[in-house]
Amino acid sequence: MAEPAARQDPESPAPVDEEALVRQARRGDLEAYDELVRRYQERIYATIYHMTSNHEDANDLAQESFIKAFQALKTFKGGSSFYTWLYRIAVNKTINFLKQRKNRSHMSLNDLDFNAEHDPDLVALISDKTPRREAGLAELQEKLNGAMLKLSEPHRLVVVLHDVQGLSHDEIAKIMDCNIGTVRSRLFYARQQLQGYLSDYLRPT
Amino acid sequence: MNESENNFESLRRLLALKRHEIPPPGYFNNFPRQVMARLRAGEADVPQAIAAPSWLLKFFQAFEAKPAYVSSFACSLCLLLLFGIVYAERPDATEKSSIFSALAAPTVSLVDAKSAVYSSSPQPTGLMVNTNPVLSLEPVAMLFGQQNPLAQPVSLSLPGNN
């Protein structure tokens, strides 16, 4: 019989140890796994969404990634953190999906939150200093996602993980199973490409 | 280099827009429930033997991804079918097959001999003869009132029935 999952009590601020949750989930404790899903769902979903630019695809792939991770928990040796391991599963699933979907992509973009209109950086981008003065945030969002989809999957992934998700080069190298130099060069090349695609929307320095 | 970095800085600011893209309200409340429901439904416990083999999935996925594969596969199937039909229609092919079948089943010659008596038309050789059932060895009444040449009228007299 699996131990009951040690859920986070609202009165006790100390978060439950991730390793304990993983151990319990490995024994088949779905409540423990539910806690792990809650912890990482936003980051996993966001990564997949930014890779696909499609909410429905991101939803399906994120669910499948968590299910696959649960199935494969017995093979998780703990060499890396659960988070990195989970990320790897989601990323591989997404890249395989994108390879199959090639030339059949269509965007299904999420709405922008309220804060976007008040973000000073974004406001500056659509200000009168931008070549495309008429560009609204929605148009900018569409152009940005379109430009992202033009990148190859590995280049798009480094941009998503570093510039959108804020992961370090080291973490990205672990997730992508490559060295840091490769991550850096891919990031540089991807940024150059994006800069070319979005030159009309970038503020001149 | 500095200019390039500045340009990238501008790009990074633009990329920050993506952080403001959010899924529909309540999405993350339902998400764990959906995952758990799928796990409880036993999706995680599908044995590998029952699930479709990975090579088969890859095979179909290749078709899905590249329509050219589908058309070339369909063309090759059609060609194979045509070749089969043409080969079956060739007379030398049927002769060869009759030789092979005769070698395989020597009792067929008896069937040929018997059936030649019952029918005036030349019997087809090869597979058609070989697939005749053994029951055809027995004399069969002819249609339309014609008498079977081997059939003889039988007068049956039972004792005490005079």
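Student: What share of the contacts in chain B with a separation of 6 or more comes from residues 24 or more positions apart?

Tutor: That share is 34%, where two residues are in contact if their C-beta atoms, placed from the backbone, lie within 7 Å. In chain A, 66% of the contacts between residues at least 6 apart in sequence join residues at least 24 apart. Do keep in mind that this is a predicted model: local features need pLDDT of at least 70, side-chain atom pairs count only at pLDDT 80 or more, and totals for chains, interfaces and linings use all residues. Residues are numbered from 1 along each chain as its sequence is written, while chains are lettered from A and ligands numbered from 1 in the order in which they are written.

Student: What makes up the secondary structure of chain B?

Tutor: Chain B has 7 helices and 1 strand, in the order α-β-α-α-α-α-α-α from the N terminus. Chain A has 9 helices and 1 strand, with the pattern α-α-α-α-β-α-α-α-α-α.

Student: Why is B:Met36 called partly exposed?

Tutor: B:Met36 has 18 other C-beta atoms within 10 Å. A residue is buried at 20 or more such atoms, exposed at 12 or fewer and partly exposed in between, with C-beta atoms placed from the backbone. Its count of 18 lies in between, so B:Met36 is partly exposed. This residue is found in helix α2 (residues 27–40) of chain B, and apart from neighbours within four places in sequence, B:Met36 contacts A:Leu30 and A:Asp34. As for the chains, 33% of the 205 residues of chain A are buried, and 6% of the 162 residues in chain B.

Student: How do you know how helix α2 (residues 30–52) and helix α4 (residues 82–101) of chain A are oriented?

Tutor: Their axes come within 10 Å and cross at roughly 25°. Axes are lines fitted to C-alpha atoms, for helices over the stretch in contact, and angles run from 0 to 180 degrees between N-to-C directions. Angles under 35 degrees count as roughly parallel, over 145 as roughly antiparallel, 65 to 115 as roughly perpendicular and the rest as oblique. Therefore α2(A) is roughly parallel to α4(A). Among the residues making this contact are A:Tyr40 and A:Ile44 of α2(A) and A:Leu86 and A:Ala90 of α4(A).

Student: Which residues does the contact between the chains take?

Tutor: It takes 41 residues from chain A and 32 residues from chain B. On chain A's side, α2(A) gives the largest share, 8 residues.

Student: How do you know that β1(A) and strand β1 (residues 21–22) of chain B pair?

Tutor: There are 2 bridges between these antiparallel strands. Two strands pair if DSSP finds at least two bridges, so this count qualifies. A:Asp111 stands opposite B:Ile22 in β1(B).

Conventions
Helices (H or I, at least four residues) and strands (E, at least two) are DSSP runs, numbered from the N terminus.
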